Amino acid sequence: MLDLRIAGRKAIVCAASKGLGRACAMALGRAGVDLVITARTKETLEQTAEEIRKETGAKVTAVPGDISTEAGRQATLAACPNPDILVNNCGGPPHGDFREWSVEDWQKAVNANMLTPIMLIKATVDGMCERKFGRIVNITSGSVKSPIPNLGMSNGARAGLTAFCAGLARQVAKYNVTINGLLPGPFLTDRLRSGIEYEARRQNISFEEQLAKRGSTTPAGRVGDPAEFGDACAFLCAASSGFIVGQNLLLDGGAFNSTMG
Ligand code: NAP
């Protein structure tokens with residue numbers, strides 16, 4: 001197994017009781033990282049913390065709260081004031097037609113998917129620079145690269161975060177602090193599962209049939225396993241990943257059709 005050389009490092013993994021955040025926390029725990037994980041629902045979060053402890057032996061602190069609020073961020077930072085690793089994640093904005101979205105709807109999306117990660121970066125990046133080690137990974141979406149028509153708020157807010165980080169990443173790289181994005185295509189988390197369930201009901205077919213249909217839209221012929229996403233995150237956080245700066249890694253089974261990039 002590749003030694004990531006981050007055992008004993010401290011990480012904050014946001015929105016990590018389920019799905020992609022949970023998978024990132026699990027992979028970092030496996031690499032020997034001490035974890036602070038967050039999510040709004042206390043019971044699920046504590047259950048996940050216990051599962052990660054059991055499976056990896058890592059030290060895991062669960063901090064319940066809404067990471068898109070100042071109180072949620074302060075509680076998280078109080079539990080881990082000097083993280084070496086920050087994995088930014090939050091629930092995604094709703095689908096819909098932009099004609100129906102108010103200023104308040106947009107502010108909510110921009111707050112959750114752009115400003116929240118920026119505020120957490122602001123609180124932690126200078127300490128990382130001083131200590132000459134930092135790995136920041138933003139979980140965004142394939143929609144940053146290839147807009148999804150009915151996910152306009154996701155396309156917009158996440159692209160804003162990505163553009164901001166493109167600049168900052170190049171200012172902090174000389175301190176061995178990296179900022180990169182991980183762009184998920186379809187991964188089989190609760191979020192995707194509920195979309196597949198909805199479509200299966202609408203078309204009067206089974207969950208498995210709709211899952212296979214969804215998977216067949218990618219060249220890989222399947223949807224992603226969250227564990228694959230978690231391992232990519234851990235790789236970006238490795239000691240030897242300090243030269244990977246300001247990149248956006250698309251994990252979509254080849255769905256984005258291009259010669260490179
Ligand atoms: P998921 O399975 O629904 O899990 C979301 C996790 O985030 C849960 O642990 C949830 O717990 C937590 N969470 C949500 N809002 C939060 C908040 N305000 N504060 C703290 N924790 C919060 O979702 P996922 O599929 O892993 O998606 C993660 C992110 O990737 C989302 O932004 C999603 O839009 C994006 N994405 C996912 C896919 C995919 O295929 N899965 C594709 C593209 C983009 P609580 O509800 O208890 O807070």
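Which hand, left or right, does the crossing of α1 and α2 have? In this predicted model, the crossing of α1 and α2 is right-handed. Helix α1 covers residues 19–30, and its axis lies 9 Å from that of α2. The two helices pack at an angle of about 30 degrees. That value makes α1 roughly parallel to α2, because angles under 35 degrees count as roughly parallel. On the α1 side, the contact is made by Arg-22, Ala-25, Met-26, Gly-29 and Arg-30. Helix α2 contributes Thr-48, Glu-51, Ile-52, Glu-55 and Thr-56. By class, the contact of α1 with α2 holds four charged, three polar and three nonpolar residues.

Two strand pairs illustrate the parallel arrangement. β2 and β3 pair in the parallel sense over five bridges. Within this pair, Thr-38 has Val-63 of β3 as its bridge partner. The chain leaves β2, passes through α2 and reaches β3. This β-α-β crossover is right-handed. Further along the sheet order, β5 (residues 134–139) pairs with β6 (residues 177–184). Their pairing is in the parallel sense and runs over six bridges. Here Ile-136 has Ile-179 of β6 as its bridge partner. In a regular strand, side chains alternate between the two faces of the sheet.

The crossing of α4 and α5 is right-handed. From α4, the contact is made by Asp-105, Trp-106, Ala-109, Val-110, Asn-113, Met-114, Pro-117, Ile-118, Ile-121, Val-125 and Cys-129. From α5, the residues are Gly-152, Met-153, Ala-157, Arg-158, Gly-160, Leu-161, Phe-164, Cys-165, Leu-168 and Val-172. The residues of the contact of α4 with α5 divide into 16 nonpolar, three polar and two charged.

The loop between β6 and α6 (190–203) contains Leu-188. Leaving aside neighbours within four places in sequence, Leu-188 is in contact with Arg-193, Ile-196, Leu-211, Val-223, Gly-224 and Pro-226. Leu-188 and Val-33 are separated by 155 residues in sequence. In space, their C-alpha atoms are 25 Å apart.

How values were computed: Residues are numbered from 1 along each chain as its sequence is written. This is a predicted model: local features need pLDDT of at least 70, side-chain atom pairs count only at pLDDT 80 or more; totals for chains, interfaces and linings use all residues. Side-chain values use heavy atoms; hydrogens and water are left out. Two strands pair if DSSP finds at least two bridges between them. Helices (H or I, at least four residues) and strands (E, at least two) are DSSP runs, numbered from the N terminus. Contact means heavy atoms within 4.5 Å. A crossing is left-handed if the near helix is turned anticlockwise from the far one by less than a right angle, and right-handed if clockwise. Ala, Val, Leu, Ile, Met, Phe, Trp, Tyr, Cys and Pro count as nonpolar, Asp, Glu, Lys and Arg as charged, and the others, Gly among them, as polar. A crossover is right-handed if, with the strands pointing away from the viewer, the path from the first strand over the helix to the second runs clockwise. Axes are lines fitted to C-alpha atoms, for helices over the stretch in contact, and angles run from 0 to 180 degrees between N-to-C directions. Angles under 35 degrees count as roughly parallel, over 145 as roughly antiparallel, 65 to 115 as roughly perpendicular and the rest as oblique.
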